[in-house]
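Here's a quick briefing to read alongside the model. Have the sequence and the 3D view open as you go.

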Amino acid sequence: MSVLPYPPLHTEAKFVVLSDWDGTITDRDSNDFVVDNLGFGYEKRRAMNLEVLQEKITFRDSFREMLQSVHHPFEDCKKLLQQNIKLDPGFKEFYEWCKANNVPVIIVSSGMEPNIRAVLSTLLSPEEALKIEIIANDVKFTDPAHTGETWEIVYRHPESGFGHDKSKAILPYRDLPSKPTLFFCGDGVSDMSAAKHADCLFTKLMANGDSDLMAYCKRQGIPHVPFTDFKQVLERVKQVVEGKPVAEVLKEAGN
Ligand SMILES: [Mg+2]
């Protein structure tokens, strides 16, 4: 069950793009950045990441603990992110093309929605940053005046070990009477649950050529198209919208 609302489905769309935010649309993970700079720091954060990968602790519980180490007002965290997080160099053009061609783009994130909009407002127009669809977690201000002096994360799916089960953003599209072609872009562990439900999965590579999601897809035999920049995603999406079969795009990418 979701404690947060979902935007209405695009029931008439022929193509839909869902994309992870941190490390996929952005140049680095914004939550890691906050924890490393305002919370308990890189070493402890990294050690907890490894515990999650070894399944000693859930992503949900580890992420909550990381955020609890950040004893700064929420507004300060937002400002730090606005100053430091940049977009993938091809994202703006990709987003604008999708908008002009009636292809909905939906951000699906394990981060907190207000932070995502704050960063977007520095990179897209303020109106665009308010309008873009985001399915993420949220924040609750816990100080008496509710100004965000103290705060905590609100998970969309508190019962899920992921806190936000991303498959629930994509699966309803598969059940539509006229199912759209589904694209999903991601890079990490939190994208694994959604990855196998896309028709065409794009896996973002880090500068060193690695990607946790790509490694997972290789192990599981999930077809995917690696990319380093949204310009490459745009090229492929354009081809499919213009009529090229997804199977062909996947084949060309080495699947
Ligand atoms: Mg990510």
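Predicted model: local features only at pLDDT ≥ 70, side-chain atom pairs only at ≥ 80, totals over all residues.

Residue numbers start from 1 along each chain as its sequence is written.

**Overall fold**
- The protein chain has 12 helices and seven strands, counted as DSSP runs (H or I, at least four residues, for helices; E, at least two, for strands) and numbered from the N terminus.
- Its radius of gyration, 18 Å, is close to the 18 Å the globule rule gives for 255 residues, so the chain is as compact as a globular protein of that length. That radius is taken over C-alpha atoms, and the rule is 2.2 Å times the number of residues to the power 0.38.
- Along the principal axes, the C-alpha atoms fill a box of roughly 55 × 40 × 35 Å.
- Buried residues (20 or more other C-beta atoms within 10 Å of their own, with C-beta atoms placed from the backbone) make up 35% of the 255 residues.

**Helix H8**
- In H8 (residues 167-174), Ala169, Ile170 and Tyr173 are buried.
- They cover an arc of only 80 degrees around the axis, which puts them on the same side of H8; the arc is that of the directions from the helix axis to the C-beta atoms.
- In general, an α-helix has 3.6 residues a turn, so residues three or four places apart point the same way.

Note on methods: Buried ≥ 20, exposed ≤ 12 C-beta atoms within 10 Å, placed from the backbone.
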